[in-house]
Amino acid sequence: MHRAHVELASGGTVTDLYLILAVFLLINLLAALWRIARGPTPADRLLAALLFGTMGVAVLLLLAYAGGGQTLVDVALVFALLAVITGAAFVRRVWGRESNGHS
């Protein structure tokens, strides 16, 4: 991967912008953690966990493009796959209960 050295009008580089965006997403992760802890329903917790995974992937991709290398892209892909599996397992568990009459 190459580093982006494009100058912005403010005097910074695109790499600096990627790092600022990564910090912003990390701050948003705190809101997702709060929602996971508070609920109120399991579906709310799952959506927050999926949001956590999506933002984690975004942060890793931003850091990889800012100079972290291919390894961070690979980790981001693994996180994306785990998020899909988590969502599918939750839906199967919840819908399985509802169809059996267990609410």
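**Close-up views of the chain**

**View 1. V59 is in contact with A22, L25 and L26, leaving aside its neighbours within four places in sequence.** Contact here means heavy atoms within 4.5 Å. The model is predicted, so local features need pLDDT of at least 70 and side-chain atom pairs count only at pLDDT 80 or more, while totals for chains, interfaces and linings use all residues. Residues are numbered from 1 along each chain as its sequence is written, and side-chain values use heavy atoms, with hydrogens and water left out. V59 lies in helix α2; helices (H or I, at least four residues) and strands (E, at least two) are DSSP runs, numbered from the N terminus. V59 counts as buried because its relative accessibility is 7%. Buried means under 20% relative accessible area, exposed over 50%, and partly exposed in between, with a 1.4 Å probe and protein chains only. Between the C-alpha atoms of V59 and L25 there are 6.6 Å, although the two residues are 34 apart along the chain.

**View 2. The largest nonpolar core consists of V14, Y18, A22, L25, L29, M55, V59, L62 and A66, nine residues.** Helices α1 (14-38) and α2 (42-68) each supply at least two residues of this core. The largest share, five residues, comes from α1. A nonpolar core is a set of buried Ala, Val, Leu, Ile, Met, Phe, Trp, Tyr and Cys residues joined through side-chain atoms within 4.5 Å. Y18, a member of the core, is in contact with L62, Y65 and A66, leaving aside its neighbours within four places in sequence.

**View 3. L29 touches F52, M55 and G56, not counting residues up to four places away in sequence.** L29 belongs to helix α1. With 9% relative accessibility, L29 counts as buried. L29 and L51 are 22 residues apart in sequence, and their C-alpha atoms are 8.1 Å apart in space. Two of the residues that L29 touches, M55 and G56, are among the buried residues of α2.

**View 4. The axes of α1 and α2 come within 9 Å of each other and cross at roughly 165°.** This makes α1 roughly antiparallel to α2. By class, the contact of the two helices has 22 nonpolar, three polar and four charged residues. Axes are lines fitted to C-alpha atoms, for helices over the stretch in contact, and angles run from 0 to 180 degrees between N-to-C directions. Angles under 35 degrees count as roughly parallel, over 145 as roughly antiparallel, 65 to 115 as roughly perpendicular and the rest as oblique. For residue class, Ala, Val, Leu, Ile, Met, Phe, Trp, Tyr, Cys and Pro count as nonpolar, Asp, Glu, Lys and Arg as charged, and the others, Gly among them, as polar.

**View 5. P40 is found in the loop between α1 and α2, and P42 lies in α2.** P40 counts as exposed because its relative accessibility is 61%. Leaving aside its neighbours within four places in sequence, P40 is in contact with R35 and R45. P42 also counts as exposed, at 52% relative accessibility. From P42 to F90, 48 residues apart in sequence, the C-alpha to C-alpha distance is 9.2 Å.

**View 6. The buried residues of α2 include L46, A48, G53, V57, L60 and A64.** Just after α2, G69 takes a positive phi of about 100°.

**View 7. The chain has three helices and zero strands.** Its elements run α-α-α from the N terminus on. Of the 103 residues in the chain, 26% are buried. Among contacts between residues at least 6 apart in sequence, 48% join residues at least 24 apart.
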